[in-house]
Amino acid sequence: MDSKEKILKAALRVFLEKGYDAASINDVVRESKFTKGGIYYHFQNKEQLFIETISFLFDEFEKWESEIYSKSLSLKEILKIYFTSMSEVINFIKKVAETDRLKEYNFYILMFEAFYKFPEIKQKHLETHKKNEDALIKIVVDAQEKKIIQDDIDPQTFAFMVNAMVEGTMICNLINEKIDLKEVGEKLFQNVWNSIKK
């Protein structure tokens, strides 16, 4: 891992804990153990550091999703991963940031803050989201051609619905922590699969 990636991981921990406004370059200096000059060598200011930190996190998410699609899995297997991996998202972020001190709601607050303040971050998320959705659409079409699922399902709407259900369920979990994402994910998967299979 190079020095820039170490700084990005440290910055991710800081931004996840404090948010964009409350975090400072000095916080990143303390967390990363790099000098201020070392940080400014790679990043012009806090804004650039934040944008690159969130982009780094999105890139890691994209690698995770690409790995799923590279395995030539069936639609049923992909859907099961989609719904049952909801409980793994925070663990994945902890792994990327190399920390155990992460509160789930901090991640969502940070994302909303990032989308609101920085259009380029919102755009990158939309692009990543679109790649993910396009990959799912292809698998849905393939499952229809193989007569595995009903052929009257609109693949684009279905892909959107799956993503909306996953993201919506995760947000509901912030409101009601009693929701067991693993259990709910399994039930959502079964309901969705039973409603589309032939």
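This is a predicted model: local features need pLDDT of at least 70, side-chain atom pairs count only at pLDDT 80 or more; totals for chains, interfaces and linings use all residues.
Where is the place of K147?

View 1. The protein chain holds 10 helices and zero strands, so that, read along the sequence, its pattern is α-α-α-α-α-α-α-α-α-α. Along its principal axes, the C-alpha trace spans about 60 × 35 × 30 Å. Of the 198 residues in the protein chain, 45% are buried, and among the contacts with a separation of 6 or more, 72% come from residues 24 or more positions apart.

**View 2. Helix 9 and its buried face.** Helix 9, which runs through residues 155-175, has 21 residues and reaches 30 Å from its first C-alpha to its last, close to the 30 Å expected at 1.5 Å a residue. Its buried residues are P155, F158, A159, V162, N163, V166, T169, M170 and N173. Seen down the axis of helix 9, these buried residues fall within an arc of 135°, and therefore they line one face of the helix. An α-helix has 3.6 residues a turn, so residues three or four places apart point the same way. The cover over the buried residues of helix 9 includes helix 5 (75-84), helix 6 (89-97), helix 7 (104-117), helix 8 (119-145) and helix 10 (181-196). On the face turned away from the buried side, helix 9 carries the exposed residues Q156, F160 and I175.

View 3. K147 is placed in the loop between helix 8 and helix 9, which answers the opening question. Most residues other than glycine have a negative phi, whereas K147, although it is not a glycine, has a positive phi of about 60°. K147 has a relative accessible area of 51%, and because exposed means over 50%, K147 counts as exposed.

**View 4. K33, in the loop between helix 2 and helix 3.** K33 lies in the loop that joins helix 2 (25-32) and helix 3 (36-42). Although K33 is not a glycine, its phi is positive, at about 70°. Is the side of the chain at K33 buried or exposed? With a relative accessibility of 73%, K33 counts as exposed.

Conventions: Residues are numbered from 1 along each chain as its sequence is written. Side-chain values use heavy atoms; hydrogens and water are left out. Helices (H or I, at least four residues) and strands (E, at least two) are DSSP runs, numbered from the N terminus. The expected span of a helix is 1.5 Å times one less than its number of residues. Buried means under 20% relative accessible area, exposed over 50%, partly exposed in between (1.4 Å probe, protein chains only). The arc is that of the directions from the helix axis to the C-beta atoms. Contact means heavy atoms within 4.5 Å.
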